[in-house]
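Please examine the model shown here together with its sequence. A short briefing accompanies it.

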Amino acid sequence: MAGPLAGIKVIEIGQALAGPLAGVILADMGAEVIKLEKPDGGDDARLWGPPFVDGDSVSFHSNNRGKQSVTLDIKSAADVATLKRLVLDADILIQNLRPGIVDACGIGPDALMAVNPRLIYCSIWAFGHSGPLRLAPGFDPLLQCYGAVVTLTGRPDDPPTFCAPAINDTATGMWCVIGALAALRRRDRTGAGCVVDASLFESAVAWVQGPLNTYNLTGDPPKRHGAASATLAPYQIFQTADHPICIAAGNDRLFVKLARAMGHPQWCQHPLLANGRQRSANRQAVVDAMQPVLLTQTRQEWMGIIGEAGVPCAPVNDIADLAASEQLQAMDMMRTLPGSELSIVGLPIMFDRQRPYPSSDSPKLGEHNDQVLGRLRSEEPNRKD
């Protein structure tokens with residue numbers, strides 16, 4: 001079955017994570033994605049290992065499947081001319097080069113949309129298209145620091161702590177795709193292209209919108225709460241007789257069910273636990289009541305008791321646990337790349353209850369030069385300037 005974006009042509013001048021992630025989302029949804037790489041080494045992520053598969057890192061394979069690789073030197077006038085020819089019939093261009101480079105090389109939005117006014121030109125920035133840090137470079141950990149998320153992660157006495165996944169790169173790639181698809185829809189109505197801007201900084205601010213909004217109202221900097229919610233209780237990780245469990249009884253209805261299931265319905269009448277506001281203000285009292293009881297049985301036993309009561313709970317899995325979980329298998333999330341034995345996480349969205357399959361493995365550097373550039377040469381006699 002053709003993907004929902006079949007017939008859409010995407011040019012990706014992407015490297016590292018955010019730009020390639022945006023490109024691979026579009027590729028998995030059926031778009032033709034031509035990845036332009038520098039001739040000397042290509043995307044830096046090819047070397048982000050170990051481990052490596054067929055000479056490239058697993059990170060590269062994960063975010064570049066289903067694409068075509070063409071090598072162009074954007075500092076070469078001849079190669080810029082080639083890029084402009086590729087753009088003539090493109091629908092979307094994605095770039096996340098260091099700020100300032102595209103304008104210096106003559107491939108910024110004004111230059112390329114002059115060639116193709118229907119182009120959706122997507123730029124992924126570190127700090128955004130304006131402001132004092134407009135031209136500053138940035139990577140995910142830097143934006144986790146600038147965006148304050150490291151001050152919200154961990155226990156109260158911990159030093160600033162990174163969130164392990166590259167949350168800003170990932171979010172920015174997704175925001176870029178959302179913007180590109182919305183711009184395509186607008187182009188259906190107007191016939192005109194659009195400049196779409198996203199940045200790691202804006203994604204970082206979006207992640208902390210709750211604490212930032214609260215601070216703007218109260219003037220009180222938020223505190224860290226470790227493996228607990230800043231506003232809800234009980235909404236955190238607890239230790240059982242053997243393994244930790246996460247319990248999320250985030251409202252009064254669920255807390256009543258939890259208290260009954262744990263054999264302590266009197267908690268619902270306790271002056272410090274009776275309602276959500278009291279529990280949030282007296283979080284330690286909630287923990288002091290629940291923790292000794294939870295230590296009397298194993299996690300599996302509590303999962304049955306609490307789960308059957310209709311209270312949200314989950315085991316605290318490590319990656320090995322997740323990989324072996326029945327739910328991961330049931331949701332058919334893993335994909336083996338065509339022509340490879342590498343299993344990677346597929347697109348986290350389905351169409352008609354079917355998860356897209358990658359159309360091909362990730363490309364070797366310049367693998368599609370002859371195919372793509374040869375197609376340009378064959379079209380040369382038919383051009384009408």
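Predicted model: local features only at pLDDT ≥ 70, side-chain atom pairs only at ≥ 80, totals over all residues.

Residues are numbered from 1 along each chain as its sequence is written, and side-chain values use heavy atoms, with hydrogens and water left out. Helices (H or I, at least four residues) and strands (E, at least two) are DSSP runs numbered from the N terminus.

**Helix 1 and helix 7**

- The axes of helix 1 (residues 18–28) and helix 7 come within 8 Å and cross at roughly 50 degrees; axes are lines fitted to C-alpha atoms, for helices over the stretch in contact, and angles run from 0 to 180 degrees between N-to-C directions.
- Helix 1 is therefore oblique to helix 7, where angles under 35 degrees count as roughly parallel, over 145 as roughly antiparallel, 65 to 115 as roughly perpendicular and the rest as oblique.
- On the helix 1 side, Ala18, Leu21, Ala22, Ile25 and Leu26 meet residues of helix 7 that include Gly173, Met174 and Cys176 (contact means heavy atoms within 4.5 Å).
- The residues of this contact between helix 1 and helix 7 divide into nine nonpolar, two polar and one charged; Ala, Val, Leu, Ile, Met, Phe, Trp, Tyr, Cys and Pro count as nonpolar, Asp, Glu, Lys and Arg as charged, and the others, Gly among them, as polar.

**Helix 7, helix 8 and asparagine 168**

- Helix 7 packs with helix 8 (residues 200–207) at an angle of about 105 degrees, their axes being 8 Å apart, so the two helices are roughly perpendicular to each other.
- Asparagine 168 lies in helix 7 (residues 167–190) and is buried, with a relative accessible area of 1% (buried means under 20%, exposed over 50%, partly exposed in between, with a 1.4 Å probe and protein chains only).
- Not counting residues up to four places away in sequence, asparagine 168 touches Asp140, Leu143, Gln144, Leu200, Ser203, Ala204 and Trp207.

**Cysteines**

- The count of disulfides, defined as pairs of cysteine sulfur atoms within 2.5 Å, comes to zero.
- Cysteine 105 is in no disulfide, and the nearest cysteine sulfur, that of cysteine 122, is 19 Å away.
- The sulfur of cysteine 122 is 4.2 Å from the closest cysteine sulfur, in cysteine 176, which is too far for a bond.
- Cysteine 122 is buried at a relative accessible area of 0%, and cysteine 105 also counts as buried, at 18% relative accessibility.
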